[in-house]
Amino acid sequence: MMRKFEYKTIKIEPKGFWGTKLDEDRIDEILNELGAQGWELVSMQDLEIGGSSW
């Protein structure tokens with residue numbers, strides 16, 4: 001029997017005047033909601049824009 005996989009991609013946008021502030025509490029909330037639905041975080045990608053990385 002072939003295993004079936006599902007994929008989900010989410011993008012968490014930074015906030016603030018220059019778009020460089022991440023809300024760690026909101027990230028935890030999003031990831032915990034997805035975890036409760038049965039999703040497992042397997043990968044993250046950090047973005048670099050204008051010399052800033054998050």
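This report covers the fold, surface, pocket and salt bridge of a predicted model.

## Basis of the model

Local features need pLDDT of at least 70 and side-chain atom pairs count only at pLDDT 80 or more, while totals for chains, interfaces and linings use all residues. Residues are numbered from 1 along each chain as its sequence is written, and side-chain values use heavy atoms, with hydrogens and water left out.

## Fold

The protein has one helix and two strands. Along the sequence they follow the pattern α-β-β. Helices (H or I, at least four residues) and strands (E, at least two) are DSSP runs, numbered from the N terminus. Helix H1 spans residues 24–36. Strand S1 covers 48–49.

Leu-22 sits in the segment before H1. Its C-alpha atom is 8.4 Å from that of Ile-12, 10 residues apart along the chain.

## Surface

Of the 54 residues, 9% count as buried. Buried means under 20% relative accessible area, exposed means over 50%, and partly exposed lies in between (1.4 Å probe, protein chains only). Leu-22 has a relative accessible area of 22%, so Leu-22 is partly exposed.

The protein exposes about 5600 Å², and carbon and sulfur atoms supply 52% of it. Areas come from the Shrake-Rupley method with a 1.4 Å probe; for residues, only the protein chains shown count as cover.

## Nonpolar patch

Ile-10, Leu-31, Leu-41 and Met-44 form a nonpolar patch on the surface. Together they have about 400 Å² of accessible area. Patch residues have over 30% relative accessible area and no salt bridge; nonpolar side chains (Val, Leu, Ile, Met, Phe, Trp, Tyr) are joined within 5 Å, like charges within 9 Å.

Leu-31 belongs to helix H1. Leu-31 is partly exposed, at a relative accessible area of 32%.

## Largest pocket

The largest pocket has a volume of about 1000 Å³. A pocket is an open set of points on a 1 Å grid over the protein atoms alone, where a 1.4 Å probe fits, with protein on both sides within 12 Å along at least five of seven lines. Points are joined across faces, edges and corners, and the volume is the space filled by probe spheres set on them.

The lining has 23 residues (an atom within 4 Å of a point). Lys-8, Ile-10, Leu-41, Ser-43 and Met-44 lie nearest the centre. By class, 13 are nonpolar, five polar and five charged. Ala, Val, Leu, Ile, Met, Phe, Trp, Tyr, Cys and Pro count as nonpolar, Asp, Glu, Lys and Arg as charged, and the others, Gly among them, as polar.

Ser-43 lies in the loop between H1 and strand S1. At 57% relative accessibility, Ser-43 counts as exposed.

## Salt bridge

The whole structure holds one salt bridge, defined as a side-chain nitrogen of Lys or Arg within 4 Å of a carboxyl oxygen of Asp or Glu. Glu-29 pairs with Arg-26, and their closest N and O atoms are 2.6 Å apart. Both residues lie in helix H1, three residues apart, about one turn of the helix. Glu-29 is partly exposed at 42%, and Arg-26 is partly exposed at 38%.
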